[in-house]
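Jotting things down as I go.

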Amino acid sequence: MATGKDRQKQLAREHYERQQQRRLEREQRNKRMAIIGSTVGVVVVVGGIVASVALLGGGDEPTEAAAEPSAQASTSAPAVAQPKPYDEKTGTCGYVADTGGGQVKDVGMPPEKVDLKPAKKTMTMKTGLGDIVVELDNAKAPCTVNSLQFLAEKDYYDGSKCHRLGNEQFPMLQCGDPTAKADGKSQTDGSGGPGYVLVEENTKGAKYKRGVMAMAKTQAPGSTGSQFFLVYGDIQLDPLYTPVGTITKGLDILDKVNKAGVLAGTADGTGAPKETVEIKDVTIAGKS
């Protein structure tokens, strides 16, 4: 005969399985990068889950904290490896496999060993509309710059299209998904990545103003991948996204793309840009 303790274990296991199924369904349903805002100016650049009901103050699904009583903490899933920040003693960054799902263009994992010199590097994106040049802050975001350089050397970004254009409230162009079609029809644009994730860096006091290049991520910490957004206005964002550099050339291109508008806007007014921005080639070089 089953004891009360056995019954509790069974109920806990069933609860955990239901919770995991709900989580999987949400991730599959919402697996795309987006920029979401509310009428009070709360904006979140997210991927995997389109918007947090806790942050936006609504929705019919409880947060994970509310869904799982603390008494059943022992039934949680095994810990997933987390990326590690730059270690000054070893001069390394900890990149880990992305377990969040989504489409992957696998070119391998960046080398863990990084070099803080030179402090600044130059990233040149050759597009069909001209060059976009960014001064990368290698000293403050070494793991991110190392990842970008690795991907550039692997031709990861070549042939990719910037898939999401913002609006007056959210002036940014989102790029870096090598699988994006950017045709205004694809439901998977924004779900592509390199198959690994890294920590967010340089976020203390971060501001996302005109000319900033920052990395997109999911709501979870340590979920930065290959996608980034180029800011051509000022966005009121919480300092959660790695500001990796400053655009030194090409803001006029972003202004032109913004003026053309979107192919088919979503509920938040963003969408695939009418003016196609295809990245032909990316190079990153050190500055003397």
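Below are my entries, with the reminder that this is a predicted model.

**Entry 1: disulfides**

How many disulfides does the structure hold? I found 2. Numbering the bonded cysteines in sequence order, I get the pairing 1-2, 3-4.

I took Cys93 and Cys143 to begin with. Their sulfur atoms sit 2.0 Å apart and form a disulfide. This pair links distant parts of the chain: Cys93 is in strand β4 (residues 92-94) and Cys143 is in helix α4 (residues 142-153), 50 residues apart. I checked the handedness too: the S-S torsion is about -90°, so the disulfide of Cys93 and Cys143 is left-handed.

Are its two ends buried or exposed? Cys93 has 2% relative accessibility, so I noted it as buried. Cys143 has a relative accessible area of 1%, and is therefore buried as well. The cut-off I used for buried is under 20%.

Next came Cys162 and Cys175, a disulfide with sulfur atoms 2.1 Å apart. Cys162 lies in the loop between β9 (160-161) and β10 (164-165), while Cys175 is in strand β11 (residues 172-175), 13 residues apart. The torsion about this S-S bond is about 95°, so the disulfide of Cys162 and Cys175 is right-handed. Cys162 and Cys175 are both buried.

**Entry 2: strand β16**

Which strands did I find joined to β16? One is β8 (residues 130-137), which runs antiparallel to β16 (residues 243-249), with 4 bridges between them. Another is β14 (residues 212-215), also antiparallel to β16, joined by 3 bridges.

I looked up who faces Thr246 of β16. Glu135 stands opposite Thr246, and Val212 stands opposite Thr246 as well.

**Entry 3: helix α5**

I listed the buried residues of α5 (residues 251-260): Leu251, Ile253, Leu254 and Val257. Why do I put them on the same side of α5? Because they cover an arc of only 155° around the axis.

Note on methods:
Residues are numbered from 1 along each chain as its sequence is written. This is a predicted model: local features need pLDDT of at least 70, side-chain atom pairs count only at pLDDT 80 or more; totals for chains, interfaces and linings use all residues. Side-chain values use heavy atoms; hydrogens and water are left out. Two strands pair if DSSP finds at least two bridges between them. Helices (H or I, at least four residues) and strands (E, at least two) are DSSP runs, numbered from the N terminus. A disulfide is a pair of cysteine sulfur atoms within 2.5 Å. Buried means under 20% relative accessible area, exposed over 50%, partly exposed in between (1.4 Å probe, protein chains only). The arc is that of the directions from the helix axis to the C-beta atoms.
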